[in-house]
Amino acid sequence: MVASWGLLEWFFALALLGLTGAVGLAFVYIVAQLFLNPGRKPKRT
């Protein structure tokens, strides 16, 4: 028996996907900060 998803299932699946993506982007940002030179002053435009 194949049951299709309703609105609530799709909402939670998309919410989980979005939160997972946000956490992944935050993790990549934090890891990238480790490789930046902390002694270098930020560029002023």
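## Basis and overall surface

Accessible areas here come from the Shrake-Rupley method with a 1.4 Å probe, and for residues only the protein chains shown count as cover. On that basis the accessible surface of the chain comes to about 4,800 Å², of which 74% belongs to carbon and sulfur atoms.

The model is predicted: local features need pLDDT of at least 70 and side-chain atom pairs count only at pLDDT 80 or more, while totals for chains, interfaces and linings use all residues. Residues are numbered from 1 along each chain as its sequence is written, and side-chain values use heavy atoms, with hydrogens and water left out.

Buried residues (under 20% relative accessible area; exposed is over 50%, partly exposed in between, with a 1.4 Å probe and protein chains only) make up 0% of the 45 residues in the chain.

## Helix α1

The chain has one helix and zero strands, taken as DSSP runs numbered from the N terminus (helices H or I, at least four residues; strands E, at least two). Helix α1 covers residues 7–34. Its 28 residues reach 41 Å from first C-alpha to last, close to the 40 Å expected at 1.5 Å a residue; the expected span is 1.5 Å times one less than the number of residues.

Zero of the 28 residues of α1 are buried, so the helix lies largely in the open. L14, found in α1, is exposed at a relative accessible area of 55%.

## Aromatic pairs

Two aromatic pairs are found in the whole structure. Rings of Phe, Tyr and Trp (its six-membered ring) pair if their centres lie within 6.5 Å; planes under 30 degrees apart count as stacked, over 60 as edge-to-face and the rest as tilted.

W5 and W10 form an edge-to-face pair, 5.1 Å centre to centre with 70° between the planes. F11 and F12 also pair edge-to-face, at 5.5 Å and 75°. W10 is partly exposed, with 47% relative accessible area, whereas F11 is exposed at 53% and F12 is exposed at 52%.

## Nonpolar patch

W5, W10, L14 and L17 make a nonpolar surface patch of about 510 Å². Patches are made of residues with over 30% relative accessible area and no salt bridge, with like charges joined within 9 Å and nonpolar side chains (Val, Leu, Ile, Met, Phe, Trp, Tyr) within 5 Å. A salt bridge is a side-chain nitrogen of Lys or Arg within 4 Å of a carboxyl oxygen of Asp or Glu.
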